[in-house]
Amino acid sequence: MPATAADSVVWRMPPMDMSMPMMPGLEDALPPVPPALPDQQAMGIPAARPSAVVPLADGDTLQLEATLVRRQIGDRTFVMYGYNQQYPGPLLRVTRGSTVVVVFRNELEDPTTVHWHGLRLANRFDGVAGLTQAPVAQGESFTYEVYFPDTGIYWYHPHMREDMQQDLGLYGNMLVQPDQDHYYGAVNAEETLLLDDLLLDVHGLLPWGDASPTHALMGRFGNVMLTNGVTDYQLSVPRGAVVRFFLTNVANARTFNVTFGGARIKVLASDVSRYEREVFVESIPIAPAERYVVDVYFEEPGTVAITNAIQAINHFRGEFYPHVDTLGMVTITDEAADPDYGEAFRVPRAYADVTAEVDMLREHFDRPPDKELALTVRVQNLPVPIMMAMEIDTLYVPPMEWNDAMPMMNWLSTGSQVTWIMRDVDTGKENMDIRWEFALGDIVKVRIFNDPKSFHPMNHPVHVHGQRFLVVAMDGVPNRNLVWKDTAVLPVGSTMDLLIEMSNPGDWMAHCHIAEHLSAGMMLGFTVHGADTRP
Amino acid sequence: MVGLAISLLLLGSAPPAICTAPPDYYQITLVPTRRVPTARLARGTARLTYADSPFGIAVSARGHYRYNVEVVVENLRPVPGGEFVAWMATPDLKQAVRMGPVTDNVRGRTEWNKFLVFITLEPLSQPPAARWQGPVVMRGLSRSGLMHTMAGHGPYEQEPCAVYGYY
């Protein structure tokens, strides 16, 4: 597994910053797993098409198929994966409260599933291989009933070997429209942005690990940025336009810090709801699997770049340095936007209904946690030079890893050497040995601490399946503007208090959404007991 | 002994109350310099929490972390005619911010990658200056300041530091 390994595939060292010397003792080192890659010479593979918008009404049925596709990335062509031969997968546009049937068929050699990220749908359709369903083998089908209880932007992706299948292109958005008027403010246009990165060298796609992922320490960072699957995303808007962007980070490991060239940005909503109050921000830090809904005001004509602007780290030199990736370009024409929503944009709205819902839970905010987790890592059999370098390097661990500062060391670490751990502080149990039990309607406070003194601490975007939660405090500081989430990033050394509303019965999972960390064990199970009374 | 608790917090709006102790990993230990006799037994910490942000973490448009800083100092005995003033500065001291007298509830925030937090003893008779004039009483370095070149160390011990600008 996966069956895409070809005899001709060989390991190639990932591209490195040429100012960084080769680590002594690792010149000839290779990951201790065979490489895997879709057959790049395969014949008859159809060219992928841009994502299509698929409006779906309650009760509609969608045929969804995972196949090999031929993708153009920049000026090169690769054999990759796709849903319905599209990149990204089709954008499902539905209305809150609806249910659609998705008949999924797998034509890939790899077994796979489809997880409907963020949706509080029936447990048996959550798409988690080994927990809620069996893997869908090549040529087989699985029928999902996908229920959309909450307005917002969601996404679907495999829940098997995400490090490879998702990276190869298996992802798509679901835009759930509100069932009420004036849910958000008025805008001139709406855009969905799926942010991704892909690791390429001069020969093509860097192979993935066959039996186990590579890049187990930090996750696989790409060196080519993709917005909606392309390297040259462009948008044209009239002067004075207010554009609503629905952002989703589908990268394996990279947290983006998204800017819009100095244009004003207002944050409206995140994963599962609007905020209590809209907020103006300079940028949008978005971790893997998170979503944000923002309005951007393009006031003046010209061209602005959508960027990922970070303070990268050069561990070898012990320095921060500014780094900017261009994610796309927006051209603002001289023509004036009609209608002009500029005035409305300047006034952040408050959402009393969100606050009212949050208020019902405030009594739980300050009570002791019901569960406590510590996040850490255990390693074994890593090459000695890596162990030596890590010991020196851990004098300072950044709260967030914005770039892969040690690509060779990271590449050599696999899931067979690295175990990422969620440890229940009370019981000492780890990962899937944890099986929490709750009752439907429970409000559960979970405190998660990201241990900075482990062998290689790293930020973790924690995703809870099937439920929604509030981040009520970070490092002991109460959150004053709450939003319902399903994924929240926990920096190294920080403590995050989640208040999870157990609103959906079944056997669920919570895990780190860095794909390689998930494959390296960083997940736990929990059961919500109760009857599913949904229609 | 007089204990002083100094809160150097968020610029602008009132900071939220801290309901549990923030994690200690990135906290900055303030060490007395022994240049002021009454402060030789002083102890202090600069505690960092993320500035208010809808994202949990707080970063600038260029990707710098944005921190609130809270300093807690003990055993810092008053000096007649002088006042203790808190500062933050980049490690090369090219940029410095006067955070204010430690007797006030001064508020401040930083988004430097590496920075110093320090307390000086300033003459009471003079107006506040952009740079300190008196002796440094206590000082500490952000944990990010501990990040240093690997050249010349461990597996890279054959890599001469000078090649990379370090001497």
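**Reading the interfaces, step by step**

Q: How many residues of chain B are in contact with chain A?
A: In this predicted model, 44 residues of chain B are in contact with 55 residues of chain A.

Q: How is the size of such an interface given?
A: The general idea is that the size of an interface is often given as the accessible area lost when the parts come together. Here, about 4600 Å² is buried between chain B and chain A, and carbon and sulfur atoms give 64% of that area.

Q: Which three residues supply more than any other three to the area that chain B buries against chain A?
A: Look for B:Phe55, B:Met147 and B:Met150, which together supply 16% of the area that chain B buries against chain A.

Q: And the charged pairs: how many salt bridges are counted between chain B and chain A?
A: The count is two salt bridges. One of them joins B:Asp52 to A:Arg480, with the closest N and O atoms 3.1 Å apart. The side of chain B that touches chain A is made up of 25 nonpolar, 13 polar and six charged residues.

Q: Now for chain A itself. Into which domains is chain A divided?
A: Chain A has domain 1 (35-177), domain 2 (189-350) and domain 3 (362-529). Let us take domain 1 and domain 2, whose centres, taken over C-alpha atoms, are 22 Å apart. Their contact takes 32 residues from domain 1 of chain A and 39 from domain 2 of chain A.

Q: What area is buried between domain 1 and domain 2 of chain A?
A: About 2800 Å², with carbon and sulfur atoms giving 60%. On the domain 1 side, A:Ile153, A:Asp167 and A:Tyr171 supply 21% of the area buried against domain 2, more than any other three residues.

Q: Which residue forms a salt bridge with A:Asp167?
A: The partner is A:Arg220, and the closest N and O atoms of this pair are 3.3 Å apart. The count between domain 1 and domain 2 of chain A is one salt bridge. There are also 14 residue pairs in polar contact across this interface, both residues at pLDDT 80 or more.

Q: Which element gives the most to the side of domain 1 of chain A that touches domain 2?
A: That is E5(A), with four residues. Elements that each supply at least two residues include strand E4 (61-73), strand E11 (152-157) and helix H1 (162-165) of chain A. By residue class, this side of domain 1 divides into 17 nonpolar, seven polar and eight charged residues.

Note on methods:
Residues numbered from 1 in each chain as written. Chains lettered and ligands numbered in written order. Predicted model: local features only at pLDDT ≥ 70, side-chain atom pairs only at ≥ 80, totals over all residues. Heavy atoms only, no water. Contact = heavy atoms within 4.5 Å. Buried area = accessible area lost by both parts, 1.4 Å probe. Salt bridge = Lys/Arg side-chain N within 4 Å of Asp/Glu carboxyl O. Nonpolar A, V, L, I, M, F, W, Y, C, P; charged D, E, K, R; others polar. Domains from an automatic or database assignment. Polar contact = N/O pair within 3.5 Å; in protein donor to acceptor, adjacent residues only side chain to side chain.
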